[in-house]
Amino acid sequence: MTTQLTQSQLDDLARDLDAIRDEVRADLGERDARYIRRIIRLHRTLEIGGRVLMPFGFIPPVFVAGVASLGVAKIIENMEIGHNVMHGQYDWMNDPSLHSQTYEWDTVCTGDSWRQTHNYEHHTYTNVIGKDRDYGYAVLRLSDDEKWKPWHLLQFINYLMLTVFFQWGVGLHELESERIRRREIKLSDKKAFLRDFFRKGGRQAFKDYVFFPALTFPVFPIVLAGNVCANLVRNLWSSTVIFCGHFTEDAETFSEASIENESRGQWYLRQLTGSSNFTGGKWVHILSGHLSHQIEHHVFPDIPAHRYREIAPRVEAVCRKYGLKYNTGSFGKQYWTVLKRIAHYSLPDRVRVKLEAQAV
Amino acid sequence: MLSTIRSQGALHWLGRQLFNRDDPGAFFDPLLAVLNPMWVRGFVPARLLDVIDETADTRTFRLRPSARWQGFRAGQHVNVIVDVDGVRQHRTFTISSAPSQWRTDGTLTLTVKRHPGGHVTHWMHDHLRPGTILGISQAFGEFDLPPSGQPKPLLYIMGGSGVTPALSHLVSLAERDYRAPVTLLYYVRTQADVIGAETLYALAARWPALSLHVFATEEQGEAALLNEQHLDAVPGFAARDAYLCGPPGLMDRANALLARYGVQEEQIRCTFFSAPTAVAADTPLGGAVTFARSDIHVDSDGDAPLLEIAEAAELNPAYGCRMGICHQCSCRKTEGTVVNRLTGKASGPGEETIQLCISVPQGPVTVDL
Ligand code: FES
């Protein structure tokens with residue numbers, strides 16, 4: 001199913017995309033700094049607002065406002081600030097609080113673990129089955145590259161669990177529990193990781209489930225419930241955005257053999273065809289950390305994300321030039337194809353193929 | 001380094017838990033910077049009170065830092081922190097005022113020359129206006145006055161904008177009513193380039209211990225370059241403690257001359273900060289690489305990236321993709337120019353974050369590794 005281009009086409013593709021990247025890089029400056037600082041101010045305001053409103057949550061509308069404020073704050077911090085800062089999008093600003101290698105975000109997963117599993121593994125080996133462990137997060141079967149097993153029938157439940165507890169799932173991702181199960185590695189190999197995981201996870205749980213509730217003692221059940229809801233809102237949204245980025249119907253997958261001695265052009269091609277976008281208004285883009293422009297993000301992971309919107313038409317034009325599919329659609333449509341994909345691949349291949357044949 | 005949050009035990013621990021950062025106080029900075037920039041915690045904010053023209057290309061900036069600033073000794077420096085086109089820049093300047101001024105009215109002055117090709121000093125001249133808030137670090141440096149007690153005769157050899165620490169020193173000495181002779185040999189291009197002229201001439205007029213000699217190298221020619229006669233004219237100079245500050249040419253000359261006259265190294269103190277200068281565009285790739293933290297020096301040639309150079313030197317820097325995507329290998333370059341393999345562009349010469357796997361040295365480079 002992989003798209004074929006000749007070597008010289010691939011070289012041209014790399015040249016075209018490099019030109020876009022170089023142009024944006026050369027233009028980075030004041031405007032980008034002002035943008036991210038404004039977003040950070042918004043995050044701080046919403047976070048403070050949420051924490052202040054929460055104890056007054058015995059008034060129902062205030063509860064909703066508090067949850068929305070804190071939930072959106074967490075979403076913005078994780079998606080538009082944390083994720084993007086850790087990609088090195090703002091390293092050029094030379095601001096120690098926006099440095100890719102030291103930033104620590106407001107979620108269970110430690111920055112270091114994320115930098116390893118996401119920035120390196122996922123972005124280097126995007127959609128390479130067996131190498132990109134983000135592909136299905138090792139709990140979902142999303143292509144026939146993986147052999148069907150009976151428990152896959154229940155993978156929709158797995159999916160629901162994953163999306164509800166997304167921050168914990170992402171936090172534990174580096175544990176590689178599937179490899180431990182297969183006895184390829186031992187639990188004790190992961191001691192250092194587990195120590196960091198418990199420290200960070202503990203810190204997050206302490207803050208939202210102990211400290212702030214205790215601080216507002218008489219109304220602690222309300223604050224506790226509000227914080228749980230805010231985290232849930234963030235989990236649902238961020239997992240949905242991420243699923244829409246790679247697991248849509250037409251997002252391609254690759255084999256390990258196909259990426260040996262990969263050229264830059266091939267790498268670009270893999271990023272273009274392995275990712276998918278969704279459309280929406282300005283705030284949909286901001287709240288998704290511009291992962292609504294997953295394609296642009298995968299081609300240029302370290303360019304400030306708010307630029308993706310501006311260069312999208314040019315990336316799309318490049319795709320057209322080489323006859324590549326620029327996978328985009330409305331949020332609802334893309335998400336629907338994700339759900340379909342999860343459901344389809346939960347079935348044994350014979351059944352799935354027959355069903356697909358009937359649908360055509 | 002710049003964070004002024006000291007660990008205050010429990011409170012600091014709590015802050016770390018809540019804000020996921022080692023400098024929890026700075027969490028609110030983005031809001032404080034708008035409400036009142038003088039409340040920012042990430043660095044010491046300082047308000048610019050006025051800008052004084054010294055010469056055609058040199059200005060003095062008078063600042064009042066916030067109460068968290070801890071003061072300084074004459075001859076010390078601060079890092080100035082400014083955002084230029086969205087990029088945070090740090091530059092070191094010597095404080096040109098005396099500590100007594102800070103103690104009386106809470107202000108200090110920095111005297112800044114437009115550095116040829118120096119992006120930041122030009123920006124400071126063009127953009128800093130009274131009322132602006134900029135950041136400074138705590139003071140540092142060891143270019144100290146002689147301890148009080150038995151006053152020793154002193155010799156200052158200064159060039160151009162290198163005179164700034166001497167301004168602070170001399171004012172402080174005059175306040176102490178320093179009795180032993182003090183001589184300043186000051187080398188400038190023309191008389192119009194004398195920095196702190198008012199202060200210097202006023203000091204010379206009312207403080208008998210000071211003798212001031214200004215040499216204008218462009219106006220007076222060869223004879224105005226530091227030479228034996230200049231030293232011979234200073235009574236008993238070989239027994240004096242010497243303070244040197246100026247461009248590298250002058251420093252070399254002064255050191256060589258003093259050594260020839262048998263002045264001991266312990267008697268000499270040097271200091272100088274100049275803005276880092278970019279290498280010429282046609283400098284070949286490769287160069288001497290210093291890994292500062294591990295104190296390893298190696299040579300590189302051709303287009304070997306720093307990651308490979310570091311690994312060849314048996315260092316183990318973090319890395320991931322080795323193709324410039326993941327930023328796992330990002331680290332601080334403190335000096336020198338590197339060329340980005342992906343874009344073919346050369347970096348600036350100053351301190352900044354680079355990706356080791358795609359950065360090729362162009363001339364000598366120092367990396368914090
Ligand atoms: S190792 Fe991935 S950017 Fe250098």
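The model is predicted.

**Stop 1: the interface**

Select chain A and chain B together. The contact draws on 46 residues of chain A and 35 residues of chain B. About 3,400 Å² is buried between the two chains, with carbon and sulfur atoms giving 53% of that area. Now pick out A:R44, A:N94 and A:R203. These three supply 20% of the area that chain A buries against chain B, more than any other three residues.

**Stop 2: bridges across the interface**

Next, show A:R37 and B:D83. They form a salt bridge, with the closest N and O atoms 3.5 Å apart. The rule finds two salt bridges across the interface of chain A and chain B. Polar contacts come to 17 residue pairs between chain A and chain B, counting pairs with both residues at pLDDT 80 or more.

Turn to the elements on the chain A side. Helix 1 (7-27), helix 2 (30-53), helix 4 (111-124), helix 8 (191-215) and helix 10 (264-274) of chain A give two or more residues each to the side that touches chain B. Select helix 2 of chain A: with ten residues, it gives the most to that side. Then colour the chain A side by residue class. There are 18 charged, 15 polar and 13 nonpolar residues.

**Stop 3: the largest cavity**

Helix 3 (60-86), helix 4, helix 6 (166-172), helix 9 (220-246) and helix 12 (294-299) of chain A each supply at least two residues of the lining. By class, the lining of the largest cavity holds twelve polar, nine nonpolar and three charged residues.

**Stop 4: the second largest cavity**

Move on to the second largest cavity, which holds about 70 Å³ of space. From chain A, select A:R21, A:R25, A:R264, A:W267, A:Y268, A:V299, A:F300, A:P301 and A:D302. Helix 10 of chain A gives the most, with three residues. The lining of the second largest cavity divides into seven nonpolar, four charged and one polar.

**Stop 5: the second largest pocket**

Centre the view on A:W92, B:A346, B:S347, B:G348 and B:E352. Of the 46 lining residues, these lie nearest the centre of the second largest pocket.

Which elements each supply at least two residues of the lining of the second largest pocket? From chain A, show helix 1. From chain B, show strand 4 (87-94), helix 4 (119-127), strand 14 (330-340) and strand 15 (352-355). The pocket lining has 20 polar, 16 nonpolar and ten charged residues.

**Stop 6: a salt bridge within chain A**

Finish with A:K207 and A:D106. Their closest N and O atoms are 2.8 Å apart, and the two residues form a salt bridge. The pair links distant parts of the chain: A:K207 is in helix 8 of chain A, and A:D106 is in the loop between helix 3 and helix 4 of chain A, 101 residues apart. Over all chains, the structure holds 52 salt bridges.

Technical notes:
Residues numbered from 1 in each chain as written. Chains lettered and ligands numbered in written order. Predicted model: local features only at pLDDT ≥ 70, side-chain atom pairs only at ≥ 80, totals over all residues. Heavy atoms only, no water. Contact = heavy atoms within 4.5 Å. Buried area = accessible area lost by both parts, 1.4 Å probe. Salt bridge = Lys/Arg side-chain N within 4 Å of Asp/Glu carboxyl O. Polar contact = N/O pair within 3.5 Å; in protein donor to acceptor, adjacent residues only side chain to side chain. Helix = DSSP H or I, 4+ residues; strand = E, 2+ residues; numbered from the N terminus. Nonpolar A, V, L, I, M, F, W, Y, C, P; charged D, E, K, R; others polar. 1 Å grid on protein atoms, 1.4 Å probe; cavity = no way out; pocket = protein on both sides within 12 Å on 5 of 7 lines; lining within 4 Å. Points joined across faces, edges and corners; volume = space filled by probe spheres on them.
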